[in-house]
Each structure stands twice: as C-alpha cells, then as structure tokens.
Amino acid sequence: MNSPTVIAAAMAALMMFLLLTPPSDAAISCSDVIKDLRPCVNYLVKGSGKPPAACCSGVSAIQAAASTTADRQAACNCIKSASKQMNPKPQLAQALPANCGITLAFTVSPNVDCSKVT
C-alpha cells in the first residue's frame, strides 16, 4: 500500500470519528485541529529531523485556539484519537511542540489522559 493511500484511509477514519463524536463545551472543533495538523501527517508518520514550517504553523494555531481548559481537553482528545488512527512515530509526535518552539498543555500521545489537562 502506498503512503497517500494510508494517509487518505487515516483521514477518512478520522472524519468518521468526527461525525460520530458528540459536541462539547469547547469552542475549538476537532475538524479545526485536524485541519491544522494535516501538514504534519507525512512528517509524523515517516519523517525525521525538524517538522515543516506549515506543520509548526498548524501546531501554533492549535495552541492559540485552545485558550480554555475545555478547548485544551477537546484538542487533546482529538489529537489522541488522530494519533491512534495514523500511528505516528512516538518520538516525533512527543517532540513536535518543542521542535516547533511552543509548549502544549499535554503530551502528544495515544495514551495521554486528556481529562487531566488544565
């Protein structure tokens, strides 16, 4: 299976998840988080080194949009679900915020407990 097919399948699965997820009190939407992270997918799955500038711009946009606890928990849950679908390299996913020069309120991991994000 080639890489564009894998990415398309992961995005399709994620879109189905988004359609089945009930709305929350957060102002940030999972579709916005996914849109912002789309430039990171190829890097997180098979990249190395520093992330592309477009990826860092997306991560920065998520950080800026997640201004409340509910927003940060919603973003965390969305990223957690997406990471389970696309299976990124763990070391790249966890280092992504720092490699982009920002700090997130949670670790990028499929195992993070988003209910503890404040």
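**Helix packing and disulfides**

Q: Hi! What is the handedness of the crossing of H2 and H5?
A: In this predicted model, H2 and H5 make a right-handed crossing.

Q: And which residues of H2 and H5 meet there?
A: From H2 you have Cys30, Val33, Ile34 and Leu37, and they meet Ala75, Cys78, Ile79 and Ala82 of H5. By class, that contact has eight nonpolar residues, with no polar and no charged ones.

Q: Nice. At roughly what angle do the axes cross?
A: Roughly 60°, and the axes of H2 (residues 30–37) and H5 (residues 69–86) come within 9 Å. The two helices are therefore oblique to each other.

Q: Switching to cysteines: how many disulfides are there?
A: The count comes to four disulfides. With the bonded cysteines numbered in sequence order, they pair as 1-6, 2-3, 4-7 and 5-8.

Q: Where do Cys40 and Cys55 sit?
A: Cys40 is in the loop between H2 and H3, while Cys55 is in H4, 15 residues apart. Their sulfur atoms are 2.0 Å apart.

Q: Is Cys40 buried or exposed?
A: Cys40 counts as buried because its relative accessibility is 0%. Cys55 is buried too, at 0%.

Q: What about Cys56 and Cys100, which hand does that link have?
A: That link is left-handed, with -75° about the S-S bond. Cys56 lies in H4 and Cys100 in the segment after H6, so the pair ties together parts 44 residues apart in sequence.

Q: And which cysteine does Cys76 join?
A: A disulfide joins Cys76 to Cys114, S to S 2.0 Å. Both Cys76 and Cys114 are buried.

Notes: Residues numbered from 1 in each chain as written. Predicted model: local features only at pLDDT ≥ 70, side-chain atom pairs only at ≥ 80, totals over all residues. Heavy atoms only, no water. Axes fitted to C-alpha atoms, helices over the stretch in contact; angles between N-to-C directions. Helix = DSSP H or I, 4+ residues; strand = E, 2+ residues; numbered from the N terminus. Parallel < 35°, antiparallel > 145°, perpendicular 65-115°, else oblique. Left-handed = near helix turned anticlockwise from the far one by under 90°. Contact = heavy atoms within 4.5 Å. Nonpolar A, V, L, I, M, F, W, Y, C, P; charged D, E, K, R; others polar. Disulfide = S-S within 2.5 Å. Buried < 20%, exposed > 50% of the residue type's maximum accessible area, 1.4 Å probe, protein only.
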